[in-house]
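Q: Could you walk me through this one? I'd like to start with the packing and then move on to the strands.

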Amino acid sequence: MMETDYRTRFARLRSGDRVRFVSPASTPDRDAVLARAASLEAWGLDVEYGPHAFVEHGWFAGTDDQRLADLDDALRDPEIRAVLATRGGRGSYRIADRLDFEAIRRDPKPLIGFSDITALHMAILRETGLGGVHGALYGDGAGALEPDNADILHQILFGNEAISYAARPEEPTFRLTTTGTASGPLIGGNLETLATTAGWALPDLRGAILLLEAVDCMPGLTDRMLTLLAKGGHLAGVAGIAVGQFTLKSPEKADQIDDLFRLLRRF
């Protein structure tokens, strides 16, 4: 494993660049992907799709070998300047340790995705020190990119200026906001997937701002995942924690999630 020197070093995109959608995890909704592709094309990007992007194989978009081949082909192709996961779901953790890391080192390009794609981001970061883009493909309900996230994604892919992220007061986890400052690389993603990578793909988090988010992660499961990471020593030396959305239908359970994070100091 490389020494800790995490950074984002991919070249910024330009109009006319080719990007490719692949499905390393679950099968996406085709219409939703096409709607998002239209948003990217409006930015001047040339969008294409991996051969198995819409294949159904049990819970996954193709076999492990098929999903891995699509992803590696995109990472190896010098004409592809960004790789976008169609969705998360389940399955990227099955192939994360088999990526062509040498191709990633040779030609860094952003991998954009969230949820289960966290396993790929962590494996790439651990093995190459290269960062990716988490959570930028959030939909607006009609399949297109949600406006705020689309703006941030455009800044990340095309711009060179510093980007600021502000907490949203309407989110239940906003109540966890504290005073003070911390600095470090922003590392993390989906809590359940992060816990899945512990011990084999999770990079060193010392000095990092740890990003955590989850969907339908009930309080009991949240406590289990946080305990696993803490007792495994993976939270030692973390400079701070950025708690994103923990989407739950019950406000009462959202309060319980907040309480669990306040108790992290017990470790």
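A: What follows goes through the nonpolar cores and then the sheet of this predicted model.

Q: OK, how many residues are in the largest nonpolar core, and which have the most contacts inside it?

A: That core has 26 residues, and those with the most contacts inside it are L191, L202, L212, L226, F246 and F261. At least two residues each are supplied by α4 (118-128), α6 (191-197), β7 (209-215), α7 (219-231) and α8 (251-262), with the largest share, four residues, coming from α7.

Q: And what is L226 in contact with, leaving aside neighbours within four places in sequence?

A: With that exclusion, L226 is in contact with L191, L212, L235, L260, F261 and L264. Apart from this core lies another one of 22 residues, which includes V22, A25, A85 and L111.

Q: Switching to the sheet, what is the strand order, and is the pairing parallel or antiparallel?

A: Five strands form an open sheet in the order β2-β1-β3-β4-β5, and the pairing is parallel. The edges are β2 (46-49) and β5 (133-134), each of which pairs on one side only.

Q: Last one: which strands does α1 lie across?

A: Helix α1, residues 30-42, lies across β1 (18-22), β2 and β3, and runs at about 155° to β2.

Methods: Residues are numbered from 1 along each chain as its sequence is written. This is a predicted model: local features need pLDDT of at least 70, side-chain atom pairs count only at pLDDT 80 or more; totals for chains, interfaces and linings use all residues. Side-chain values use heavy atoms; hydrogens and water are left out. A nonpolar core is a set of buried Ala, Val, Leu, Ile, Met, Phe, Trp, Tyr and Cys residues joined through side-chain atoms within 4.5 Å. Buried means under 20% relative accessible area, exposed over 50%, partly exposed in between (1.4 Å probe, protein chains only). Contact means heavy atoms within 4.5 Å. Two strands pair if DSSP finds at least two bridges between them. Axes are lines fitted to C-alpha atoms, for helices over the stretch in contact, and angles run from 0 to 180 degrees between N-to-C directions.
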